[in-house]
Amino acid sequence: MGYYHIELCPKSKKLCTIVLPWGKFEYQKLPMGLCNSPDIFQEKLFAGFDYVRAYIDDLLVISNGTFQDQVGTVLDKLLKAGLKVNAEKSFFAQDNLEYLRFKITRNGIMPLPNKVQAIQNIAVSTAKKQDLTR
């Protein structure tokens with residue numbers, strides 16, 4: 001519901017008008033369902049945080065600083081925006097983790113082994129080449 005915390009400018013309100021049987025309605029806040037809504041939301045929420053990576057509702061805080069300095073700042077920002085963090089799905093102070101189907105460690109970022117194995121197991125096509133000039 002974080003989208004509804006972002007006010008639309010007057011020109012955007014005109015573009016985000018819907019027609020209902022009882023009249024027209026202009027969205028005042030950023031609506032869900034627009035292709036740019038996730039990008040706008042992430043940009044507004046985490047502008048100036050060069051150590052935060054966000055993808056839809058998944059956040060990654062990359063830090064060499066103290067836990068309180070950076071993670072605490074991100075959690076405060078979420079709280080002020082009226083957003084909640086699911087503690088059961090959250091991980092803090094991890095040396096390695098899986099994020100967006102990649103394994104992230106202190107040594108770098110690599111694809112998950114089971115994803116690599118799936119690609120290696122793809123069978124080579126035995127079909128003859130088709131004549132594409134016809």
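Predicted model: local features only at pLDDT ≥ 70, side-chain atom pairs only at ≥ 80, totals over all residues.
**Entry 1: T105**

Leaving out residues up to four places away in sequence, I found D95, N96 and M110. T105 sits in strand β6, which covers residues 102-105. Is T105 buried or exposed? Its relative accessibility is 19%, and buried means under 20%, so T105 counts as buried.

**Entry 2: β3 and β4**

Next I turned to a strand pair. Strand β3 (residues 52-55) and strand β4 (residues 58-61) run antiparallel, joined by 4 bridges.

**Entry 3: α3**

I then checked the length of α3. Its 14 residues, at 1.5 Å a residue, should span 20 Å. The C-alpha atoms at its ends are 19 Å apart, so the two values agree. Which residues of α3 are buried? I noted Q70, V71, G72, V74 and L78. The buried residues of α3 pack against α2, β3 and β4. After α3 comes G82, with a positive phi near 80°.

**Entry 4: the core**

Last, I looked up the largest nonpolar core. How many residues does it have? I read 15. F41, L45, F46 and V74 have the most contacts inside it. Both α2 (37-45) and α3 (67-80) supply at least two residues of this core. V74 had already turned up among the buried residues of α3.

Notes. Residues numbered from 1 in each chain as written. Heavy atoms only, no water. Core = buried A, V, L, I, M, F, W, Y, C linked by side-chain atoms within 4.5 Å. Buried < 20%, exposed > 50% of the residue type's maximum accessible area, 1.4 Å probe, protein only. Contact = heavy atoms within 4.5 Å. Pairing = 2+ DSSP bridges. Expected span 1.5 Å × (residues − 1).
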